[in-house]
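Here is a short briefing for a first look at this structure. Keep the sequence and the 3D view at hand while reading.

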Amino acid sequence: MKYDVVIIGSGLGGLQCGHILSKNGMNVCVLERSAVLGGCIQSFKRKGQLFDTGFHYVGGLDEGQPLNRLFSYMGLMNLPWKKMDPLFDEVRINDKSFFFAQGHDEFIKCLADEFPHQREELKRYTEFLKQVGIHIFDSFKPKEATDFYGSSLFSLSAKNFIEETISDPLLRQVLTGCSLKMELHENLPLYTFAQINNSFIQSAWRLDSGGSSVADTLAESIRNNGGEVRTKAEVTELIEEDGKITKVVVNGEEIIETDWVISNAHPTVTIALVKNSDVIRKVFRRRMDNMKNSFGMFTANIKLKPNTIPHLNRNQYIYKNADQWNYTPGKTDRVLVSYYNNANHDGYAEQLDLLTPMLWEEVEEWANKPIGKRGEDYVAMKNIKTQQCIDLASSVIGDLADSVETYYTSTPISYMTYTNTINGTAYGIRKDYTNTMMTILSARTPVKNLLLTGENLNLHGILGVSMTSCMTCAEIIGMEKMLEELNL
Ligand SMILES: Cc1cc2nc3c(=O)[nH]c(=O)nc-3n(C[C@H](O)[C@H](O)[C@H](O)COP(=O)(O)OP(=O)(O)OC[C@H]3O[C@@H](n4cnc5c(N)ncnc54)[C@H](O)[C@@H]3O)c2cc1C
């Protein structure tokens, strides 16, 4: 069988590329190694209860906002999106709560009420974020690519920006307090910080049907357009002939011919699949092998006893004596509490997730053991971590420990197992403002018909991956066509 495009991986990026290209008349085949579609956005069911993995909320989904434009084009706006409360994020720092409001003016007002002496600084901060958001599609248009609010922000420091714009140390902590959705580190580019935070200030949304419904919708559209989406189909080698990938090896035996390959797998994994190459130099392979990745996440998906914990349509980010810009392995000093859709509408939560960073070094000793056979010490470690997260969350939401009916946990090993990501990284390659040449990747590789897509290239998260999918597809259908289709 020969395809126009083979896509490695059915994460959000792979499926979106499949959707765009099949819609443009190309014969597409998406190959997913796992039994379930979606990569990080897959949901799972236990005892009838739906839990999410890497999908809790998205930003910028209101009419006219960037994710709405992208999701309308991709046929994803008919899913049951639910707007979060006007105060969508609560940041709790050492026993005091601060709130993030949807809408730039409301955002300023809400925090200026707490920090009246910082009103002008908050205005400057928020206006800057807003401009970064307004210019989000500039990167699609070469003429504007040098625009101040565009790609050049990758080479500025997020931390410096906050320190230079905001003088009150507590307000600085508050403004970075919703940032467990990225890894705060000294070299974080300003673009990453500003674009992601701005999208949620624009508007914040949850999805009632779980992240898997995004994956299923995209897969259905690919099939309707005549494409194929296969699970349990691991790409084990890419065969290069005359500087192009001509054949894709699946599960070590099946051979598929193709004109193009798009890889949604981690770039390090992708390049290793091209075992013999005339065009990939050793220095490029070394660069891929030495990429640093963001931290991983520990998650406890908790099923609650009935009528115990009130349902909240906002997230809670809770910190206790934490240095937000540095995570100390083993220390549970920060937790994100994310509530699910309350199907009973009785005012009580049925389930919630607790998330906290976890490094590979914290779990590495169990990495080579198979699922379910990692030993009692691994189970004990996860139970202790869960208890620590519960204790931290209880300081804000009451006695959570007594309200837990059951829970399921995941660590960076789970992510490595289910999504084949290096060291179970949550947000992919760690972007570094001092080294953009090496850490911000383009879709192109040295092999001219092998393209990359997904969270590792530019910006992670649902918005970032969706932007990157369009950029990757533009390499095949042309940017003019892409802009026309997005109505830009
Ligand atoms: C705990 C957590 C919470 C998050 N919460 C949010 C949130 O609330 N909002 C938000 O915007 N973002 C969130 N994110 C980030 C977001 O989920 C990711 O950025 C995004 O889903 C990544 O998509 P992707 O397409 O780049 O890659 P992935 O989802 O990693 O998909 C890659 C796919 O490729 C497959 N694959 C790999 N190798 C092969 C191979 N050889 N053959 C075949 N298939 C292969 C994998 O199995 C996988 O399915 C969260 C992430 C995590 C980890």
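How many of the residues of α7 are buried? The answer is 13 of its 13 residues, so α7 is mostly covered. A residue is buried if 20 or more other C-beta atoms lie within 10 Å of its own, exposed if 12 or fewer, and partly exposed in between, with C-beta atoms placed from the backbone. The model is predicted: local features need pLDDT of at least 70, side-chain atom pairs count only at pLDDT 80 or more, and totals for chains, interfaces and linings use all residues. Residue numbers start from 1 along each chain, as its sequence is written.

**Overall build**

- The protein chain has 15 helices and 19 strands. Both are DSSP runs, numbered from the N terminus: helices are H or I with at least four residues, strands are E with at least two.
- Along the principal axes, the C-alpha atoms fill a box of roughly 65 × 55 × 40 Å.
- Buried residues account for 49% of the 488 residues.
- Take the contacts between residues at least 6 apart in sequence: 70% of them join residues at least 24 apart. A contact means that two C-beta atoms, placed from the backbone, lie within 7 Å.

**Helix α7**

- Helix α7 covers residues 190-202, which is 13 residues.
- From first C-alpha to last, α7 reaches 18 Å, close to the 18 Å expected at 1.5 Å a residue. The expected span is 1.5 Å times one less than the number of residues.

**Around the ligand**

- The ligand is surrounded by 38 residues, and the closest are G9, G11, G39, G54 and G454.
- The shell holds 16 nonpolar, 17 polar and five charged residues. Ala, Val, Leu, Ile, Met, Phe, Trp, Tyr, Cys and Pro count as nonpolar, Asp, Glu, Lys and Arg as charged, and the others, Gly among them, as polar.

- I462 lies in helix α14. I462 counts as buried because it has 29 C-beta neighbours inside 10 Å.
- Leaving out residues up to four places away in sequence, I462 touches L12 and V58.
- I462 and G59 are 403 residues apart in sequence, yet 8.7 Å apart in space, C-alpha to C-alpha.
- V58 has W205 in β9 as its bridge partner. Two bridges join β5 to β9 (residues 204-207), and these strands run antiparallel. Strands pair if DSSP finds at least two bridges between them.
- The open sheet has the order β5-β9-β6, with antiparallel pairing. Its edge strands, β5 (58-59) and β6 (81-83), each pair on one side only.

**Hairpin and positive phi**

- Strands β7 (residues 87-93) and β8 (residues 96-101) run antiparallel, joined by six bridges. D89 stands opposite F100 in β8.
- Two residues separate β7 and β8 in this hairpin. N94 in the turn has a positive phi of about 45°.
- N94 counts as exposed because it has 12 C-beta neighbours inside 10 Å.
- Most residues other than glycine have a negative phi.
- K232, in the loop between β10 (228-230) and β11 (235-241), has a positive phi near 50°. K232 is exposed, with 12 other C-beta atoms within 10 Å.

Technical notes: Near = placed C-beta within 6 Å.
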